[in-house]
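Subject: Structure handover

Hello,

Here is the structure for you to look over. My notes come after it.

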Amino acid sequence: MNTVRIPKVINFGEDALGNTTYPDNALIVTTAPPPLSDKWIKKMGIKDYMLFDKVTPEPSINDVNQVISEYKDKNPSVLIGLGGGSSMDVVKYAAPEMKKSKILIPTTFGTGAEMTTYCVLKFDGKKKLLREDRFLADMAVVDSYFMDGTPKQIVNNSVCDALAQASEGHDSKLGNELTRMFCKEAFDRLYDAIMNDRPQDYPYGSMLSGIGFGNCSTTLGHALSYVFSNEGVPHGYSLSSCTTIAHKFNNSPFYERFKECMEKLGFERMDLKADVAEAAAVVMTDKGHLDPNPKPVTEQDVIQCLNDIKAYNL
Ligand SMILES: [Zn+2]
């Protein structure tokens with residue numbers, strides 16, 4: 001048997017943000033400061049709401065507990081996570097604790113987090129990746145409105161993540177015919193949007209990617225990428241080379257087109273400061289990404305991939 005979980009309601013497309021009806025007395029949770037959150041809230045057309053805008057970037061369970069203790073007695077109708085991953089992660093955890101439903105509205109795209117059962121929070125100062133059914137949104141609202149004014153490099157990093165997640169997810173051993181359908185459609189849409197300069201189509205492709213990989217997994221490309229992230233390379237950027245070399249290693253049907261997109265987006269060579277053998281040993285501990293890889297991966301394979309990335313031999 002296969003199981004695929006998606007939010008009960010997905011509002012997307014032109015002016016999804018303004019055309020969605022939000023219940024009265026909702027609690028909006030965001031990291032954004034007032035000038036920005038005011039603008040977003042106005043665009044949502046929501047009048048009767050409470051606002052918690054003190055979520056810290058890379059939030060911890062303390063942020064969740066603060067929301068619960070401040071608002072439990074005010075009995076909000078629903079929790080709305082409005083922002084990037086941080087705001088959504090706090091709502092993903094807090095809403096079920098408060099026995100409330102949740103609406104997720106991503107203001108950045110790429111991770112597809114609004115579609116997934118993943119939640120990243122710090123516990124005792126350490127980031128933990130949690131995955132539970134209760135973290136799934138009751139409603140997700142996806143609108144390309146938020147892309148206005150986002151710097152091009154950030155947009156490129158985000159679409160690279162979405163493209164990597166779609167294609168790694170497609171090839172994952174944990175996938176099934178339905179996840180593969182979402183992943184393939186996501187990849188095709190994103191490929192088209194990238195090659196034809198239509199960034200406004202990225203959020204929809206990223207949403208499809210989230211449904212696809214969120215119900216299976218990513219693989220070798222993501223496993224390789226974290227040693228670069230540890231040296232400060234943005235997640236999306238690190239995937240430009242890591243997923244390309246992983247697709248080459250796996251003989252993925254996406255290899256050529258993925259590489260073509262990376263060239264079009266203008267990603268360049270990345271260096272690795274850490275010793276390759278030591279980095280490879282770290283990569284090998286990432287069973288969550290390596291076990292579902294379509295081909296078995298040895299430490300020697302990882303060393304080869306890292307050397308190829310460093311030499312830009314993709
Ligand atoms: Zn990713």
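The notes below go through the domains, the core, the sheet and a few loop residues.

The model is predicted: local features were kept only at pLDDT of at least 70 and side-chain atom pairs only at pLDDT 80 or more, while totals for chains, interfaces and linings use all residues. Numbering starts from 1 along each chain, following the sequence as written.

Domains

The protein chain splits into domain 1 (9-147) and domain 2 (152-311), with bounds that come from an automatic or database domain assignment. Their C-alpha centres are 26 Å apart. To the contact between them, domain 1 gives 15 residues and domain 2 gives 18 residues; residues are in contact if their C-beta atoms, placed from the backbone, lie within 7 Å. On the domain 1 side, the touching residues are 7 nonpolar, 7 polar and 1 charged. Here Ala, Val, Leu, Ile, Met, Phe, Trp, Tyr, Cys and Pro count as nonpolar, Asp, Glu, Lys and Arg as charged, and the others, Gly among them, as polar.

Core

The largest nonpolar core holds 85 residues, and V29, I80, L163, L190 and L224 have the most contacts inside it. A nonpolar core is a set of buried Ala, Val, Leu, Ile, Met, Phe, Trp, Tyr and Cys residues joined through C-beta atoms within 7 Å. Buried stands for 20 or more other C-beta atoms within 10 Å of the residue's own, exposed for 12 or fewer, and partly exposed for values in between, with C-beta atoms placed from the backbone. Helix 6 (residues 177-195) supplies the largest share of this core, 8 residues. Domain 1 and domain 2 each contribute at least three residues to this core. L163 touches F187, L190, F258 and C261, leaving aside residues up to four places away in sequence.

An open sheet of 6 strands has the order 1-8-5-4-2-3 and parallel pairing. Its edge strands, each pairing on one side only, are strand 1 (9-12) and strand 3 (49-52). On average, neighbouring strands of this sheet are turned by 20 degrees against each other, direction ignored. Helices (H or I, at least four residues) and strands (E, at least two) are DSSP runs numbered from the N terminus, and two strands pair if DSSP finds at least two bridges between them.

Strand 1 runs parallel to strand 8 (residues 139-142), joined to it by 4 bridges; N11 stands opposite V141. Strand 8 also pairs with strand 5 in the parallel sense, over 2 bridges, and A140 in strand 8 is the bridge partner of L104.

Helix 4 (residues 85-97) lies across strand 2 (26-29), strand 4 (78-83) and strand 5 (101-106), at about 165 degrees to strand 4. Axes are lines fitted to C-alpha atoms, for helices over the stretch in contact, and angles run from 0 to 180 degrees between N-to-C directions.

Loop residues

Most residues other than glycine have a negative phi. K99 has a positive phi, near 55 degrees, and sits in the loop between helix 4 and strand 5. K99 is exposed, because it has 7 other C-beta atoms within 10 Å. The phi of N251 is also positive, near 50 degrees; N251 is in the loop between helix 9 (235-249) and helix 10 (255-265). With 10 other C-beta atoms within 10 Å, N251 is exposed.

K295 lies in the loop between helix 12 (287-290) and helix 13 (299-311). K295 has 14 other C-beta atoms within 10 Å and is therefore partly exposed. Not counting residues up to four places away in sequence, K295 touches F249 and N250.

Regards

Methods. Two residues are in contact if their C-beta atoms, placed from the backbone, lie within 7 Å.
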